[in-house]
Amino acid sequence: MAIDYQERIPNNVDLSGNRTLQRALEHWQPRFLDWWRELGPTDFLAAEIYLRTAMSVDTKGWATFGRVKMPDYRWGIFLAEPVADRRIGFGDEMGKPAWQQVPGEHRATLRRLIVTQGDTEPASVEQQRLLGHTAPSLYDLRNLFQVNVEEGRHLWAMVYLLHAYFGRDGREEAEEMLARHSGDADKPRILSTFNEPIEDWLAFFMFTYFTDRDGKFQLKSLAESAFDPLSRTCRFMLREEAHHMFVGDTGIARIINRTIEVMKAIGTDDPDAIRRAGAIDLPTLQRYLNFWFSSSLDLFGAEVSSNAAAYFAAAIKGRPDEDSYEDHLCKDATREIETPDGIETVALRTAMNEVTRAAYVKDCAMGLARWNRAIANAGVAFELTLPSPRFRRTIGAWAGRPVDPAGRLVTPEQWQAQRDRWLPSASDQAFIKSLMRPVTEPGKMAGWIAPPIRGIDGQPIDYEYVLLH
Ligand code: BYC
């Protein structure tokens with residue numbers, strides 16, 4: 001179904017055919033806009049930004065570019081096209097028709113997962129709200145806002161499901177989405193990473209590389225769901241998510257390129273000298289990477305989880321790319337899990353969080369391989385590494401254990417003594433902060449980041465991606 005842009009809420013779900021739902025969402029819409037004005041990107045409400053907007057859900061029409069002021073962005077409800085006669089692909093209900101409504105017995109569980117997913121979307125907008133003031137270029141400023149408006153749309157996606165399928169408690173949950181706030185002492189966001197401050201662009205690129213990638217894997221798992229409207233929503237969200245990870249991936253690559261350039265120019269790999277020359281030394285980059293990778297690993301839940309087993313059995317949440325596995329029942333299969341007490345063999349269904357986390361870790365490593373190639377090609381003797389998944393965990397078997405980045409248990413004293421070698425220190429953060437100066441001349445870049453290889457949508461790099469007023 002084509003997207004109807006004549007409607008107050010653009011959609012491809014025939015919203016006008018359900019007046020009650022339409023009215024309920026139109027009631028939520030001004031609250032969303034108030035939230036955006038208050039807690040979204042500050043001070044850029046009048047800026048005209050070269051944004052892409054989905055005009056249809058097929059591959060051709062979904063990305064249409066044009067200058068838009070953010071409050072005028074057409075946030076809407078877009079589901080991927082239905083798959084005819086879709087069947088459940090895993091778990092105890094395998095082979096039965098996918099659900100077009102929520103089965104009563106799974107209502108609370110599905111609502112909880114949708115709320116948890118939905119909560120991350122506005123959370124990330126709140127985390128990034130001040131970054132517009134220190135963008136290293138207009139190109140980057142535009143990318144930030146693109147990410148922000150799409151996270152806003154992903155909130156719409158989840159709020160639609162809550163309103164359409166969960167009645168009164170769904171509507172209440174939709175209100176709560178705008179009541180919790182990232183980092184709020186009384187009403188924080190649900191998951192840990194989404195309460196971490198993102199105050200500089202190095203953190204932003206790490207977040208979009210590592211945390212948005214968790215989004216990719218969680219959305220892939222939910223795209224497998226027997227609850228078909230959730231599956232269709234997530235399939236379309238995944239398309240938008242790809243750009244967010246691109247922003248992180250290329251952002252980090254461009255920082256590395258600039259650092260290498262500076263190292264060559266000054267002829268040293270001394271971190272202090274590199275900093276004095278206005279670039280980001282690679283050990284600091286590694287420490288930021290350690291922080292955001294370990295934080296994002298927690299988002300997969302505990303290694304052994306009866307919740308995860310129940311989601312799989314009921315076909316509420318599958319494994320990413322479920323088709324790529326042979327056994328979709330996983331009834332008697334087991335998996336070995338590393339715990340501080342040794343290797344434990346557990347039922348595979350209870351280890352589904354770990355299966356997804358392992359796929360994620362592999363995906364993360366691909367970017368590092370590319371960045372390391374650039375570093376090696378420049379003749380620099382430095383290798384970025386992913387810390388062990390046991391490092392700095394707050395969820396699961398390794399939660400709170402003093403583990404070094406190589407995965408070895410150390411004493412709490414040793415851990416504290418080394419902390420600033422492994423994670424961003426106060427002085428690292430102060431240094432990165434000192435680099436954060438806005439660059440607003442078209443085509444110009446801040447001194448700590450190389451230009452991108454190409455512009456957006458075939459536009460030149462010096463295109464005026466944001467018209468600031
Ligand atoms: N922080 O049995 P467990 C994205 C809780 S990101 C705080 O292992 P489960 C995006 C857990 O709730 C993707 N609490 O949990 C990225 C449980 O609490 P209860 C977001 C945590 O249910 C960038 C308890 O610990 N997607 O889209 O198997 C920008 C026991 O854990 C955390 C989703 O969240 C944590 N990190 O797995 C924008 C998908 N981890 O029940 C957007 C939907 C666990 O004891 N959510 N807990 O009170 C889920 O699938 C699951 O809720 C989780 C947790 C995978 C998150």
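Visitor: Is Cys330 buried or exposed?
Guide: The relative accessible area of Cys330 is 1%. Buried means under 20%, exposed over 50%, and partly exposed in between (1.4 Å probe, protein chains only). So Cys330 is buried.

Visitor: What kind of model is this?
Guide: Residues are numbered from 1 along each chain as its sequence is written, and side-chain values use heavy atoms, leaving out hydrogens and water. Local features need pLDDT of at least 70, side-chain atom pairs count only at pLDDT 80 or more, and totals for chains, interfaces and linings use all residues, since the model is predicted.

Visitor: What is the phi of Cys330?
Guide: Cys330 sits in the loop between α9 (306-313) and β3 (334-339). Helices (H or I, at least four residues) and strands (E, at least two) are DSSP runs, numbered from the N terminus. Cys330 is not a glycine, yet its phi is positive, at about 50 degrees.

Visitor: Is Asp457 buried or partly exposed?
Guide: Asp457 lies in the loop between α12 (426-435) and β5 (466-467). Its relative accessible area is 42%, so Asp457 is partly exposed.

Visitor: How many bridges join β1 to β2?
Guide: β1 (residues 48-53) and β2 run antiparallel. Thr53 stands opposite Thr64 in β2. The number of bridges joining the two strands is 6.

Terms used: Two strands pair if DSSP finds at least two bridges between them.
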